[in-house]
Amino acid sequence: MLSRTAENLFWIGRFIERAETRARLLQVGARNALMPNIGGGYRNEWESILASSGTATAFAEKYGDVVQRNVESHMFFDNDNPHSVASCITAARENGRIVRTALTGQVWDALNTAFQEMREMQRTERSQISLHDMTDWTMRIAAQVRGALAVSQLRNDGYRFIHLGFDVERADSTARLLDVKYYVLLPGVSYVGSGLDNFQWTTLLRSLSSYRSFGWAYGGEITAQKIAHFLILNPKCPRSLLTCILSASDHLDALARAYDRTSEAQTQVRGQLAELAEASVEDIFDEGLHEFLTRFIQQTAELSQAIHRSYLTGRTA
Amino acid sequence: MDNTAPGDPNFFNEMQTGGQVRAPYAGLESWSRDMPVELRSLKQSEAEALFRRIGITFAVYGEGGDPDRLIPFDMFPRVFAFDEWRRLERGIKQRARALNAFLCDVYGRGEIVRAGRMPARLVYLNEAYEKAVVGIRPPRDVYSHIVGIDLVRTGPDEFFVLEDNCRTPSGVSYMLENREIMMRMFPQLFQQNRIAPVETYPGALKRTLASVAPRKCEGEPKVVILTPGHFNSAYYEHTFLADQMGLELVEGQDLFVDGDFCWMKTTQGPQKVDVIYRRLDDAFLDPLCFRPDSMLGVPGLMNVYRSGGVALASAPGAGVADDKAIYTYVPEMIRFYLGEEPILNNVPTWQCARADDCAYVLEHLAELVVKEVHGSGGYGMLVGPASTSSQIEAFRAKIAEDPDNYIAQPTLALSTCPTFVDSGIAPRHVDLRPYCLVGREIELVPGGLTRVALTEGSLVVNSSQGGGVKDTWVLAE
């Protein structure tokens, strides 16, 4: 497979996953905004959402006021924001258009339909579209792309690269969503364990479509420890860091078998996997959740680069 | 609504002459007559939705607007009888052979010039004459592997060649997709009429490309398609052909030269490439040989090509054969190289480079079509009868300034084919581009791209100028 094709496939996975993350962040923001603002910490819940998406500066320059409508525009519709849902969908479809021959008709159809519908939405009167329409739509089109891949795409190297894109991006985004909640949303340690805190944790779980799963898996009170375990270390949770890294490791192993050579990316992912497999929630809290997450995000970025060096430059055999 | 109106009697209507429906169209008469208006508009929007969903779109450079514009598709097919096609086929293949013989000759000994049958200046000082490939003999002596020949019809037996396209003629994806969509929407038409299939084209093209593997290639040749990239207006076609032929679609950045060969960068390391079907102009192929600022090409590619490490289709330099000034001499080429009489006629052409011709052209501008020698896509041309006097005067000044740059032809009475329009069905002018393949064998798929000028009375069929496309049928014997 052409290295460039593999790269485009990898980025289709990343952009679809990223679009979904933006929509989830919007959901967290909307629910949190319904909560009374006490404690004098952050003026506005939306600011933390912007901070976590890494686009607070660009937002301030273009929009100024941090109000829901502006955040929606910025995170959903804005073509100038490279991380908006619209930009991600456009980029995913553009990457798909470049490698059409490596995708089944059904997968291309899902990507192209998403793009056409997005353009339609951008032409629609804004008062006609609620935040829930936007987020539900995003989840649905992401599910359509995944579904089309699952039922129609050949299980070859291309399939692995798309899924590596999903895994790397999802690992990164779960870590970031957790980080927003723990590090940014809470101005002081005194809130940990309070009712306010629980409400926010619940919102986080909901935004990850994991509220019910969490109940099934743990039961009882929602505590920071349980949530951290669920979202970091539980291999049953489809969005946990361990699950993402495990899946990336599987795909890299499959590539190594298909190409009959091991890669630097495998070494990197195995290091991450070993650490997560041995870690306990206590270790993580001892290190500091924020510190742990920052390190994890850094490692995941290195994994992405290792994948690039191993497969996407095309010069080294 | 009188949907079989023959229209202006000055133009040959392909569906009916003298109130009689011509035989090839017999199967379409009741179909079009009995189709209710609602069904028609339903089918039309269905076709449009299909095109958009498949992603067949066409971008026009520098026009802004919708980057995903569709070329309008007209559902009324254009039909050729078997016998009509057989004659066209012979003429097209003859022309493709002569053009390749010419290319081989002018980059070799130049016999046609030595024999005094063509002026040396016209060939060797031609902008499209590529000095960098003088003396190179491409595999099987083929320079132009896909020859697109633009034809117009003016009567039952009168066909004229408007121009030849020897480099990388585009549009073949429309020929294939138009057929797919028609078969999907009107299956009964294909049961009632015996229509020769065109779906063999991708297989034939792949065979053709594999048959021109370079000298140094051992075993099964690795064939790839080289595209300028996804911003190119024909990118859809490039992906379509790659898909249909099961070939890798590469960009310049995916290829590199190492030693005597050209390689592509893959997830498993470098892989040797033997034949490149390039959809990239000569000028951009190799920055070390042609334009040094090209980011789209592969540095060193021409060295590998020269030493027989890779084959290029079409071969660099092929452009000199489809130059509009050379065009006049194609009948002469057919006589000189093949010893045959041309089966298809050229349109009579005045070369403004000749003083006599130029004087005639300047006197008759209002009746003529004037074209730039190197122009394409319907840009930079004057259609005398359709122009205002100030447009004509402006063009007169341009010709006087640089006569070598222009040729002129009479305004041809292009045939018409019934076409769905807002008010019903009306005749609209059409042309035809068949795609002839030249490799070990010469092949022509029975069909081509019919372009239609959708504006009433217009003779310009280019998609960049508001033209549309039709499915083109050749009835089986």
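**View 1. Domain 1 of chain B meets domain 3 of chain B.** In this predicted model, 11 residues of domain 1 of chain B are in contact with 10 residues of domain 3 of chain B. The domain 1 side of this contact holds 4 nonpolar, 4 polar and 3 charged residues.

**View 2. The domains of chain B.** Domain 1 of chain B is assigned in pieces: 16-214 + 310-341 + 413-474. Domain 2 spans 215-309, and domain 3 spans 348-410.

**View 3. Chain B touches chain A.** How many residues does the contact take from chain B and from chain A? Chain B gives 19 residues, and chain A gives 19 residues. On the chain B side, the elements with two or more residues there are helix H9 (235-245), strand E7 (248-250), strand E9 (261-266) and strand E10 (269-273). By class, this side of chain B has 5 nonpolar, 8 polar and 6 charged residues.

**View 4. Two domains of chain A.** Chain A divides into domain 1 (1-152) and domain 2 (155-317). Their centres, taken over C-alpha atoms, lie 20 Å apart. The contact between them takes 27 residues from domain 1 of chain A and 31 residues from domain 2 of chain A.

**View 5. The domain 1 side in chain A.** Which helices of chain A each supply at least two residues of the side of domain 1 that touches domain 2? They are helix H1 (3-32) and helix H2 (45-53) of chain A. H1(A) gives the largest share, 17 residues. The residues of this side of domain 1 of chain A split into 12 nonpolar, 9 polar and 6 charged.

How values were computed:
Residues are numbered from 1 along each chain as its sequence is written. Chains are lettered from A and ligands numbered from 1 in the order in which they are written. This is a predicted model: local features need pLDDT of at least 70, side-chain atom pairs count only at pLDDT 80 or more; totals for chains, interfaces and linings use all residues. Two residues are in contact if their C-beta atoms, placed from the backbone, lie within 7 Å. Helices (H or I, at least four residues) and strands (E, at least two) are DSSP runs, numbered from the N terminus. Ala, Val, Leu, Ile, Met, Phe, Trp, Tyr, Cys and Pro count as nonpolar, Asp, Glu, Lys and Arg as charged, and the others, Gly among them, as polar. Domain bounds come from an automatic or database domain assignment.
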